[in-house]
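Trainee: Please take a close look at one pair of packed helices in this model. I would like to know how they are arranged and what lies between them.

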Amino acid sequence: MEQNTNNLRVLVVGCGNMGASHAMAYHTLDGFEICGLVSRGTSKEVLNKKLGGGYQLFDDYEEALTITKPDAVCISTYPDTHEDYAIKALEKDCHVFIEKPLADSVKGAERVQQAAHNTNKKLVVGYILRHHPSWQRFITISQELGKPLVMRMNLNQQSDGDMWTLHRNLMKSLSPIVDCGVHYIDVMCQMTRSKPTQVYAIGARLTEEIPDGNYNYGQLQIRFEDGSVGWYEAGWGPMMSETAFFVKDVIGPKGSVSIVAKKAGGEGESGSIESHTKTESLRHHHADLDKNEKFAKKDTWINLEDEPDHQELCNREQLYFLDAIRNDNDLTDHIEDAVNSLRIAFACDESVRTGKVVIL
């Protein structure tokens, strides 16, 4: 393939759902150039064909790093490889884009954070909702509702086929409330801008197809220093109910704001990755009462039908990554937020396993 010396040469590691979307961004956006595709299975061949062919293919990550000498590495593999792969890339003088979670332990995430600091390379974590204008609006309106806030969120996924295979593989190392929960914990922290003080969580193992000690349904509760509280639940598997699987709702003294996703929240959509970032519309409820104690204002509906799709969100993530590299943007807060949300998620995991409240 024709090469441009000004392009960022990216080694794509992990060619499944998210890896393929990030690779498509590198393939189509100016400023990037894929120098290799890495996977343990056949997903790299499938992706290479989808991209028109011609890319170098590797089974072994370290071999690919040595041969391609990339400027950056995109890591979309299973979480138990994230720490090792990220540190190896950073120590090879590569910038790193890594899918959440940053690592499969808090200590591991801190080691990756330290490696990025030591090598002075850019590290971006794939918190896709941070690049979504509708979620940004959702957070902004929530901050206008007064304090304390009550935040109610879930994402239960009724999965079968390839998606159930993916979920089973993920649960070899993490629970759903850690893997998915970091997104929504991050959102709650942005909404409150307050320090979380304690968590409590429950979980249930609804299938013997996952390791002993793990659980495929979990629900967490967080208390914040400013009096705000939030809950999040996540369940994976063919047994999950699709009733009320998509709840994104925030309540404050001045009213509430909710994501109303009629299509994405519809029957058969809980296992769709595309639907997980859909919003479609926001409903802003105003608590003001008139002299007769009737609502003084009608609910405000904000139509979001022109929102970006999943691929466009991945494109925006990669443009953020490219901008950080080219303009030497300070990502200290970005990385600290990623470590912090993971720290909270693992505290919730500890609470499930011990049955106790965990103080942060």
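**Helices H3 and H4**

Mentor: In this predicted model, helix H3 covers residues 61–68 and helix H4 covers residues 82–91. Their axes come within 11 Å and cross at roughly 15 degrees. The crossing of H3 and H4 is right-handed.

As for the residues involved, H3 contributes Tyr61, Glu62 and Leu65. On the side of H4, they meet Tyr85, Lys88 and Ala89. By class, the contact of H3 with H4 has four nonpolar and two charged residues, and no polar ones. Tyr, Leu and Ala count as nonpolar, while Glu and Lys count as charged.

The pair can then be placed in the whole chain. The protein chain has eleven helices and 16 strands. Its radius of gyration is 21 Å, close to the 21 Å that the globule rule gives for 360 residues, so the chain is as compact as a globular protein of that length. Along its principal axes, the C-alpha trace of the chain spans about 75 × 45 × 40 Å. Of the 360 residues, 55% count as buried.

Note on methods. Residues are numbered from 1 along each chain as its sequence is written. This is a predicted model: local features need pLDDT of at least 70, side-chain atom pairs count only at pLDDT 80 or more; totals for chains, interfaces and linings use all residues. Side-chain values use heavy atoms; hydrogens and water are left out. Axes are lines fitted to C-alpha atoms, for helices over the stretch in contact, and angles run from 0 to 180 degrees between N-to-C directions. Helices (H or I, at least four residues) and strands (E, at least two) are DSSP runs, numbered from the N terminus. A crossing is left-handed if the near helix is turned anticlockwise from the far one by less than a right angle, and right-handed if clockwise. Contact means heavy atoms within 4.5 Å. The radius of gyration is taken over C-alpha atoms; the globule rule is 2.2 Å times the number of residues to the power 0.38. Buried means under 20% relative accessible area, exposed over 50%, partly exposed in between (1.4 Å probe, protein chains only).
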